Structures are given as structure tokens and as C-alpha cells.
Amino acid sequence: MTTAPSSTLRPRFVIAGNSSVLWALLVLALVTVGATVLAEAGMISTSFVKTLGKTLCLCLAAIAMDVVWGYCGILSLGHMAFFGIGGYAIGQWLMTARTTDIVTQNLAGQPLPPTPREIEQAVASQIFGVVGADDFPWIWAFSHSLALQLLMVVLVPGVLAGLFGWLAFRSRVTGVYLSILTQGMTLALSLWLFQNDSGLRGNNGLSGLQNIPGLDQWGQDRISLLFLWASAGALGAGYVLFAWLTSGRRGSAIRAIRDDEARLRFLGHGVEGLKLLVFTLTAVVTAIAGALYYPQAGIINPGEVAPLASIYLAVWVAIGGRGRLYGAALGAALVSLLSSWFTGGGAPDIPLGFYTIQWTDWWTVLLGLTFVAVTLWAPKGLGGLFDLVPSRKPRQGDWGPDDGAWRREEGQP
Amino acid sequence: MTALLHVDSISVSFDGFRAINDLSLTVEPTGLRAIIGPNGAGKTTFMDIVTGKTRPDSGRVLWGEKAQDLVGLSESRIARLGLGRKFQRPTVFEAQTVAENLDLALRNPRQPLRVLFARRTADDRARALAIAEEIGLLPHLHRRAGELSHGQKQWLEIGMLLAQDPRLLLVDEPAAGMTVPEREHTTDLLRRAAETRAVVVVEHDMEFVRRLDCRVTVLHEGRVLAEGSLDHVTSNPDVIDVYLGR
């Protein structure tokens, strides 16, 4: 009689079960330490350190997107809404605290010390003068407290995603219809934010976020390193979390939702509840990524949660290769860095004689073509390159000898 | 003995077509039962109604000792009550291994949070391995289900049903597309399962039903046409008319 290998269905520690975790953490550590050393030596600029830190945040959003789309099969085209909410939530505290500091300093020279109410009004008119208001809207009620706003970073997207997911999943909206709904969600949020009376400064957005209250003496060079490390820490923790989520029976159930959710239902699993958990958890992680991103970007405005942003997120994951976390992270890093290189004028124009290709205009065309090409000819994306490492060479022939078994062209686990 | 499942005069129409027409049926707690009938007789619709995929326009589906009405419950809820279903086309999770497929089906707490924090216990493993041995897939535990042959996929799906440890197995055309030795193995599996629970096999193929050697219900145009042993129903003139005497 054949016996099963001793490892079959044994619980394994997440790192032992997925070798990509150690590699990812190693690469992440090397990048972070390397960038810190180079920055301290003055060999890379503060703005480049910020670009790196922002890229790590985008990677975190991308692996969350990969879990919800690549593993769970929910093509959410609205996850960047949660990214933006995270940014707005932390931005409210940053702006309030910073403006309060400045106002207090300015009023300090007065013969009569200002009352708290006077300070509050001065701060409010500083912040909301651009939209013609001079009082704090209700939505800023917690903005005086870092702890409460940090809570909002996870609570607001958590509740929004939970509510949205509950409504959508329990009515069994799936596939392209769900994607359209998520686009609608992010579009509605963006349009609401664009209004001046939304209380979040309309199309001005929140700005000056790079100045961290209480760290004035630090200077941007050290603050940029602080955020680089924080972003790297968040990405590392997120990677381990999602590697855990996609391992064992829970991972098996999540992938089963992607492949055949009706079958999973007939096995007695609560598909809707599992989807809701995955959707909400990834939304919260995306929001945390946003809360780390915008202090490095310095500014957030409603354009950041426009539907296009979420589509970009999906494009990064597709190009990187969905269904594997490192693929998504790689796709986000590479495409977003290339994107800022092309659109920032880094790429030289190509004169064709009759026409000059200017990459600032043509980059989106190139990106679109790449997306189409990857979808058609390399569905595994960049991550698929790792399959070329000899020890993990994919199978060449058919997967099974008999009728009903996967043929070679179907065999894509 | 009280009935495990009592289907009480259910009817359902799709766009005016009466797929099930005042159908009543009783299933005992153990033993095999075959449901046969020509195409369009309502066999699959009957299973859809019992498992919660389709809601009947009228009638009740009563389950267990307490005669709980299953109409209106979700598929997963009904599955957790002890109803397992095997589809006509083998539906297993092809990208996952045989072991993972079985593990996913094992009878365990199903609340989403419990699934999220579940650990595979030694007991889970033993149950999965025992089922793998019973269905003859022990040597294939680490192969992806997509690699299996058609017959092996059917067995894996039966194994997943057994792993759920249901009180009633609804099996839709288990022998479709199987070779003769594969059919024999399938018949053995179903007979053994029927020793401790109810197994309802929906079949098209008379030869396979003869091999099962059990009580047969003939469906026609959404209602029961005849019931009894295979010899009894095949000698019924109505049955010969609509089904056998084509």
C-alpha cells in the first residue's frame, strides 16, 4: 500500500510553507538598508528616497490587490479609494497639528495670550479659507488627535469596505458587474471629495503633508528615511500577513472562491463571509499603505481616488503576475518607477523625422500595449520569469495521460 | 422509521415551462435510491431545489427528524445540515491538489472566521487520508486535481462528498463517461456509502442502475411516473411508453 508523504496536510509555519516570504523580506531589507547607507553618504537625493518609500507603499497596495483579485478572484477596481481614504485620514491630523503649531507661534507675540477658541478659529480659517469656510467641518472632529486619526485610517475604509462588500456579495454580484460597482464607488467618493462643501477642501485637497509636526528639527532628509523604514516595515508585515492568509486551508478556500464559488457553497462554506473578510482586510491594508504614502508625497487631492488610479493598480498586478505576491510587488515597483521616469521627462524623445515621440504623452500608450501583450501572451506576468529558474521548470507535456486530465495548454496552476 | 427527506408536492416553472409538477418523494435514512427519467424529466431541477440552488414556486422540502423546511435556506446552510451534492460534470478544484480538495470538504466548523483561523489537525489528516484510500487516490494525493483522468475526478468528487460526512448524498450521473472497470469501482463506492447514509443517484443509464440494484423512481415531465424495483418499473407500460420504448 502506498502511504502519504509525512508533509501532506500538516500545518506548516508560513515561512516554511512559502519560500518567497524569506526572499521578499531579504530583498526588502537590502533595498532599505542600501538606500539608507547611500542617502547618508549623500549619493542619492532626498527626493529619490521619497520615491523609493512611496514605491514600497504602492507595492503594499498591489499585494493587497493581488490577494483580492489574484487569489480570491474579486476584480476590485476601487481599491485605490481606500488608499486615498488612508491618506486623507492621516492628512487631516498632519494639517491640523502643523497649522496649529504655526498659528500658536504667530499669536505668541500678542500682548494678550490667545484663547483656545481663538486659536481654533485661526487654524480653521487657515485651512478652510480656500473653500470659503472658517470653521472645522464635522468630518474633522478627531483631527486634533493623532491616535484617533490613526484609528480612522483603518476604521473608515474598514466600515466602507465592509458595508459595500456586504451589500454586493450577499446579492451575489460577481465578475464584471462587481468591477463596475467598485468603479462606481471610487468615482462617487472622488466626486464627493471634489465638492467644496464635502469639508475636505474640495479640489485643493490636503497639502503640506510632508511636514511632520513635532519633527521640525529633523529636516526632510531624515524624515524621508523614517518613512522609508516605516513603509518597508509595513510592506514586510503585509507580505507575511498575506502569505499567511493564502496558505493552508484558508488559502485553499480563498482560491476555491476564485475557481468555482458555487462548488464551495455546496461544500457548506460561507462564501459571502469569506469574500467579505478578504475584501475588508485588503481594503484596510491598502488604506495603511495610503497613510504612509501621502506624507511622503506631501499632497493629496480628489484626483488620487479617481477610477483611473484603481485601474492602474490592476494593471500593475496583471503585469507583475497575479496569484503570486512577489509578482504583484514587482509589477507595482517596476511600472510605477518606469512611469515616473517616462512622465518625468527622464526618457529621451525619439525623433522620427515626421514626428517626435514624446514619452510624457506616449507612455500611457506604451503601458496599454504592454498590458494587452501581457494579458495575451504572458498571463503569468513578470512573476512568471521565476518559473524559468531550472528547479521550478514548468511541466512540458500534458498533465495527465487520460481523458479529462488537463492538456498542456490548460495546465496553469 | 421516519423519512430523512420528504419532498412535499413541489412545483416550479421556468418561463411558463413546468419543470417540476407537483412532485412528492420520500428518502429513507439509509440505502440507495435511483432516480431515472428521460432528458427534461426534471431530475437536475429536483436536485437544484433540494440543495437550495433553485426555489420552488410551491411545496415544501422537509428534512430530518424535526421536518425542517429547506426552502429558502442558502446552499451552504443546506450543505451544513448534511446534504452533499455531486455534479454531473466532475467539479473539483482543478488548480489544487487532491489532498487540498479533500481537506476543503472535510466536515469542520464553517463560519468564515473559524475557516480563517483553522489549523489542520492530525484528525483532519487521518480522515482525509482514509477517504483518499477508499476512493483509490492515495498515490495521487499531491497531484493537482486537473491532472487526474475523468474517472479519477469523479471519484475525487465522491470522496469530497464523503469527507463532508453528509446524511444524504445526491449524486448526478456518477458513471457518465466512465470505462467498465471504473463503473464497477464507482458502484462499490456508492454501495458502501449507502450502508450508513442515504444515497440518491440520478441516472440516465439503465445498465448502471441495474448494477446498483436498488429502489428506482421514474420521473417524467416533472412528476413521479412509477416507483419500485427496476424490474417492476421497467414492466410498467407508462414507463415503457415514455422512456424505454423510444
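Visitor: What share of the contacts in chain B with a separation of 6 or more comes from residues 24 or more positions apart?
Guide: Such residues account for 67% of those contacts, where two residues are in contact if their C-beta atoms, placed from the backbone, lie within 7 Å. This is a predicted model, in which local features need pLDDT of at least 70 and side-chain atom pairs pLDDT 80 or more, while totals for chains, interfaces and linings use all residues. Residues are numbered from 1 along each chain as its sequence is written, with chains lettered from A and ligands numbered from 1 in the order in which they are written.

Visitor: Why is chain B called as compact as a globular protein of its length?
Guide: The globule rule (2.2 Å times the number of residues to the power 0.38) is set against the radius of gyration, taken over C-alpha atoms. For 246 residues the rule gives 18 Å, and the radius of gyration of chain B is 18 Å, so the description holds.

Visitor: What makes H6(B) largely enclosed by the rest of the structure?
Guide: A residue is buried if 20 or more other C-beta atoms, placed from the backbone, lie within 10 Å of its own. In H6(B), 14 of the 15 residues are buried, so the helix is largely enclosed.

Visitor: How many residues of chain B are in contact with chain A?
Guide: 41 residues of chain B are in contact with 36 residues of chain A.

How values were computed:
A residue is buried if 20 or more other C-beta atoms lie within 10 Å of its own, exposed if 12 or fewer, and partly exposed in between; C-beta atoms are placed from the backbone. Helices (H or I, at least four residues) and strands (E, at least two) are DSSP runs, numbered from the N terminus.
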